[in-house]
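Have a look at the model below, then read on.

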Amino acid sequence: MTDPKTTAGKIEGLARRLEQSRAPMGSQVLEDTHSAGRLSARERVEALVDAGSFVETDALARHRSTAFGREHDRPYTDGIITGYGTVEDRKVCIFSQDATVFDGTLGEVYAEKLGKIYELAMKTGVPVIGLYESTGPRVQEGIVTLAGYARTLAQITRASGLIPQISVVVGDTSGAAAFAPTLADVLIVTEGTNLHQAAGHIAGAEPAEYGSAAVHANAGTAHLVAEDDKQAVSLARDIAAYLPANNRAEAPRVAAEVAEGSIADNIGERERPLNAVIPDNAAEAYDMREVINTVVDPDTFFELSAQAAENMITGFAYIEGRVVGIVANQPLVLAGAIDSAASEKAARFIRTCDAFNTPVIQFVDSPGFVPTPEEEKSGLLRRASKLAFAQAEATVGTLTVITRKAIGPAYVFMGAKDLGADLVYAWPTAEIAVTQASQAALAIYGDDADEQREEELAEQFLHPYAAAERGLVDSVIEPAATRGYLAEALRLLERKIVSQPPKKHGNITL
């Protein structure tokens with residue numbers, strides 16, 4: 001053994017310590033993790049970042065607690081791996097909670113490491129990706145652990161809207177630890193894990209009943225569900241590609257074919273089926289995803305929150321290599337009618353896009369809000385107003401395409417020009433009106449309303465041309481030309497500048 005007092009000996013000592021930090025609980029624990037078919041906390045980081053790019057920080061950190069004889073049990077890393085690396089050659093800061101060290105519980109040093117990596121991310125303007133697996137505060141260290149959670153929540157809040165945050169729940173996460181991941185811009189939850197605030201089991205129920213990935217996906221808490229931790233980190237890589245480094249950076253672009261010449265000259269075989277996508281029978285539905293996938297660059301639509309509020313579609317895509325956010329009614333579910341959950345889903349996504357300079361494109365086909373007592377009692381007025389708020393406060397480029405129905409409040413809430421949309425397009429099949437023909441007949445003719453008058457009113461009002469005459473629709477366009485119009489508008493809106501009135505912040509109806 002080299003003399004530890006020499007330079008060579010000191011370098012050997014460093015190497016031994018770093019080696020211990022890579023398996024702080026020993027090789028057997030690592031083997032057990034692999035036997036269970038799971039990645040270790042460190043392997044998750046390595047799978048997330050580009051090969052060889054991870055630079056660890058605070059690898060040799062250890063807790064300083066002496067209560068309950070813990071001065072004799074001080075593994076390196078203290079249960080969380082922190083550092084930075086690249087994802088597709090773009091810098092990110094990362095932390096990965098290690099459940100093999102004190103069950104992943106948070107202690108004082110653990111919280112300090114987490115805080116430092118957030119500070120580094122905010123100072124350098126890069127995203128944070130967090131891999132979560134923790135059972136909450138480290139009870140042996142006392143109240144200081146709760147202070148650590150308070151600081152963590154404060155830092156996540158300060159970072160919100162400044163840098164993108166992606167949370168990936170790769171293992172059971174409970175107690176105070178369960179709240180932080182939900183504050184991220186995108187939350188991925190892995191199947192077989194449980195995410196819940198109960199420190200122990202809730203009497204009479206298994207954790208999967210209230211904390212599973214499916215529960216959170218249906219509730220809209222989780223944006224994506226992964227089959228296992230390998231797919232979870234892969235999804236994190238995928239979603240990171242759609243987000244800029246920070247709130248001052250442009251939305252990402254990738255190499256793509258850019259159309260030249262007129263819009264009409266660029267209508268091809270891929271776009272022509274849009275001319276037949278709207279059924280002649282107004283009672284028939286169609287899949288709005290077919291419209292989206294035809295308009296955006298091929299195979300680029302990345303849907304978020306697909307299991308929640310299925311009457312509203314949200315996700316990222318590319319148009320001529322530019323990232324855009326997509327918000328759309330889904331006629332296959334509730335005929336595209338909007339409810340409270342759909343309003344909140346769309347509002348949250350629009351605000352995410354607006355925070356990170358991502359243009360929003362909306363496809364509208366909705367008869368209005370769901371007219372049921374249950375919806376009203378669930379807080380529809382308050383919850384739906386979030387959608388109007390998000391639309392009105394957005395400063396990014398906003399484009400609206402009305403494919404069929406934009407009736408009553410659906411016209412207002414789904415990207416109306418006077419609510420803030422920069423350009424509004426309507427297909428010839430669009431029905432833009434205050435109300436349906438049957439309701440209009442009752443309002444105008446009362447007891448004299450009949451089928452003939454309904455048909456007359458439908459012919460008079462249920463079309464896009466009255467709105468076009470008043471400038472509420474900028475252009476009535478051939479459906480097959482939609483991609484061309486959107487691409488041209490996106491080029492123009494790169495120059496959009498909005499001066500905001502000075503204020504602290506708006507008071508959205510949370």
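Tyr 242, Phe 302, Phe 316, Tyr 318 and Phe 349 come together in one aromatic cluster. Rings of Phe, Tyr and Trp (its six-membered ring) pair here if their centres lie within 6.5 Å, with planes under 30 degrees apart called stacked, over 60 edge-to-face and the rest tilted. This is a predicted model, where local features need pLDDT of at least 70, side-chain atom pairs count only at pLDDT 80 or more, and totals for chains, interfaces and linings use all residues. Residues are numbered from 1 along each chain as its sequence is written, and side-chain values use heavy atoms, leaving out hydrogens and water.

**Aromatic pairs**
- The structure holds eight aromatic pairs.
- One of them is the tilted pair of Tyr 242 and Phe 302, at 5.6 Å centre to centre and 50 degrees between the planes.
- Tyr 242 sits in the loop between helix 8 (229-240) and helix 9 (288-295) and Phe 302 in strand 10 (residues 302-304), so this pair ties together parts 60 residues apart in sequence.
- Phe 369 and Phe 413 make an edge-to-face pair, 5.0 Å centre to centre with 90 degrees between the planes.
- Both Phe 369 and Phe 413 are buried.

**Whole chain**
- Of the 510 residues, 51% count as buried.
- The C-alpha atoms fill a box of roughly 100 × 55 × 50 Å along the principal axes.
- The chain has 17 helices and 17 strands, taken as DSSP runs (helices H or I, at least four residues; strands E, at least two) numbered from the N terminus.

Terms used:
Buried means under 20% relative accessible area, exposed over 50%, partly exposed in between (1.4 Å probe, protein chains only).
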